Structure formats: C-alpha cells, structure tokens
Amino acid sequence: MQLKTQNRITIDKILLLILCFVAVCANIGVLAGFIPQLDLIIHFQVQYLVTLAILAVIFICRRKWVLLVGTCICVIAPMMKVLPWYSGDAVDAVPQVRILSSNIKATNINTQAIQNLIEQESKDIVVLLEAMKLHQNSLVAIETRYPYRYSHSLDTGSGFLLYSLFPISNIEQYLNNQFGMACLAVTVESPEGEFDLIAVHPPRPGLRHGSTLRDFALSEITELLSQRSKNAVVIGDLNTTMWSRGYELFVEKNRLHNLRQGRGVMPSWHLKMFGPLLAIPIDHCFVRGDVHGSSFELIPLDGSDHDAIVVGITEQ
C-alpha cells in the first residue's frame, strides 16, 4: 500500500512538472523582445494546447481537482491564440488570379516533383523560394506557358524564381547581405487590374541571434511595402507563426489580412520524422487594399519540408 502511494505521488509530481513546463513555454514568448531566443518556442501553440487538454483528461481520471483547475487556467493562453483562426470571414469564391508559392528547399533535387506541382493545377503566377540554378534549368519546359519571368540570387541558396502569365514591371529586391535575398516585389498587370506582388523569405530565427535578424528583415520589407501600391499580395515563407511579436508588428504596420483567417491554423512546415507533432504555420499569404482572398490551400511537395501555398485572389 505504501509503495502504491509513493508511486502515485511520483506520477503526480511528474505530471505537475509537465504542466509547469508547457505553461511556461506557451507564455514565455512575450519576453522575446528582451531575449530574442525565446521566440523559438512561441510557435508551438497548437502542440501546447493539445498537451494541456491531454493533461486535463488525465487529472480528471485521477481525480486531481486542484491540478485540473491549474490546467484549465493554463490552457486559456494557447486557446486564445489558436481558436480565433477558426472564426471570421473566409470567403471561398471563384478566383480571378491563382498564385502558387513554394519554398522548394535549396537542396531539393526532386525537380520532377516541382514541375508536377506547377503543372497539376492552373496557376497564373508561380513563386519559388530557395531556388537554385538546377531548379531553373529543370523548369525550361514550363517557360513556354509563362512568358514573363524573373530570377535572382540563384547561386546563394536563397534565390527567387518568378513565372507569370501576366506582364510584370516595377521590380525591386531587398537583399540581406548576410543571408541572401529576403524579398522580391513586382507589379502584376492582370486583366482585372494592377496589383503588387511581394514574395518574402526573411532569415529564420536561431539560437545565436534569436528572432533579431528575421525581425530586422521584416522591418526592411515594411519600408519597401510603404512605397508600393496599397493593392498588394504578400506571400512566402515568413519564418514565423502568427503568434510572434515580429509577425504582429508586420501585419499591423502594413494593414495586411492573412488568408488563413477563418480557415484554421493549417501548419505548413514540418519534419517528416515527427509528422504533425512539430508542424507549424510559417508560410503565409496576405492581401490588402482592393485585393481580396478567395481561396487558400496547402499542397505537399516531395523533397521539401514546406507545403506549397496555392491561393486565389479577386480585385474589386
């Protein structure tokens, strides 16, 4: 009897430690402005929410009411971050323009999968991030379909490839000297009217600099956006989820609407060995001005750890 009691106490202590750890991880990201490295753990809000829900069930089964109350309090923060993405206006309509954006991964040699991704649906504009010369050479066959093309930094691992059915002009780039290209901006002259397309790929956060370099690149992209058309589509791999301070400032300053709103979290980055356990939403599409979103979907790409984004937009 005494041994069973000791085992129960040990299990309760372990569960309490897990509860405290998850609660701290879910909230400590608010200090990323002071300690940029803390940004690395703020992006797993869905995982924290699921873990806390499992703990709540365990505490109910074990009749640990005090721990259950603590869990219910701790679950409020991640719930307030996750659930709003499943509400709001998500209008699905026939798009006037379809755009594909994909971080194809610089080391991806499965060029046939990339070509199949582009050809499997009718896209008017294709943006490939982390593109290399190898990828451009393998996509010669699609150039007859897309008469307007642009490439940059294909030898850096941070290159951009742009293919368009419509004329493009007013081309600008933001170059990060340390990490290569971070932004490509063009004006698209579609039959429904002109709009600016801004493809973005700021540096990813890391242990050394935390979110500092990424947030600096986002601020530079914000400066570029301030000089572009109010009718714009911003698309690409932001290397941040919707729960970081850098993301919030970027969206607020540029008056952007995320096409995920009302459709759910929709994780786009994942590690194959972990499946959905560590999947997070870091690839985004935003609109502003008279440009509106009509669809948003993710398509897996062999050889890349990112799903491709396919969006539909309309202009009013």
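**Note on aromatic pairs, nonpolar cores and salt bridges**

1. L31 is located in the loop between α1 and α2; helices (H or I, at least four residues) and strands (E, at least two) are DSSP runs, numbered from the N terminus. The relative accessible area of L31 is 38%, so this residue is partly exposed. The class limits are under 20% relative accessible area for buried and over 50% for exposed, with partly exposed in between (1.4 Å probe, protein chains only). Together with V30, F34 and I35, L31 makes a nonpolar surface patch of about 450 Å². Patches are made of residues with over 30% relative accessible area and no salt bridge, like charges being joined within 9 Å and nonpolar side chains (Val, Leu, Ile, Met, Phe, Trp, Tyr) within 5 Å. Accessible areas come from the Shrake-Rupley method with a 1.4 Å probe, and for residues only the protein chains shown count as cover.

2. On the basis of the model: this is a predicted model, in which local features need pLDDT of at least 70 and side-chain atom pairs count only at pLDDT 80 or more, while totals for chains, interfaces and linings use all residues. Residues are numbered from 1 along each chain as its sequence is written, and side-chain values use heavy atoms, with hydrogens and water left out.

3. How many aromatic pairs does a search of the whole structure find? The search finds three, where rings of Phe, Tyr and Trp (its six-membered ring) pair if their centres lie within 6.5 Å, and planes under 30 degrees apart count as stacked, over 60 as edge-to-face and the rest as tilted. For Y247 and F286, the ring centres are 5.9 Å apart and the planes stand at 45°, so the pair is tilted. This pair links distant parts of the chain, with Y247 in helix α8 (residues 245-254) and F286 in strand β12 (residues 283-288), 39 residues apart. Y247 and F286 are both buried.

4. The rings of F250 and F286 have centres 6.2 Å apart and planes at 70°, so this pair is edge-to-face. It also links distant parts of the chain: F250 belongs to helix α8 and F286 to strand β12, 36 residues apart. F250 is buried at 2% relative accessibility, and F286 is buried with a relative accessible area of 0%. One aromatic cluster is formed by Y247, F250 and F286.

5. The largest nonpolar core has 42 residues, and I198, V234, F250 and F286 have the most contacts inside it. Such a core is a set of buried Ala, Val, Leu, Ile, Met, Phe, Trp, Tyr and Cys residues joined through side-chain atoms within 4.5 Å. The elements giving two or more residues to this core include α1 (2-27), β6 (180-190), β7 (193-200) and α8. The greatest contribution to this core comes from α2, with six residues. Leaving aside neighbours within four places in sequence, F250 is in contact (heavy atoms within 4.5 Å) with L218, I221, T222, L225, V234, L238, L256 and F286. Apart from this core lies another, of 26 residues, among them Y150, F166, I309 and I313.

6. A131 is placed in strand β2 (residues 125-131) and is buried at 0% relative accessibility. Neighbours within four places in sequence aside, A131 is in contact with I104, S153, L154, G159, F160 and L161. From A131 to I198 the separation is 67 residues in sequence and 16 Å in space, C-alpha to C-alpha.

7. Nine salt bridges are found in a search of the whole structure, each being a side-chain nitrogen of Lys or Arg within 4 Å of a carboxyl oxygen of Asp or Glu. In one of these, D12 is joined to K64, with the closest N and O atoms 3.1 Å apart. D12 lies in helix α1 and K64 in the loop between α2 and α3, so the pair ties together parts that are 52 residues apart in sequence. D12 is buried, with a relative accessible area of 14%, whereas K64 is partly exposed at 28%.

8. R228 forms salt bridges with E172, at 2.6 Å between the closest N and O atoms, and with D196, at 2.9 Å, N to O. R228 lies in the loop between α7 and β8 and D196 in strand β7, so this pair ties together parts that are 32 residues apart in sequence. R228 is buried, with a relative accessible area of 9%, and D196 is buried at 3%. E172, at 28% relative accessibility, counts as partly exposed.
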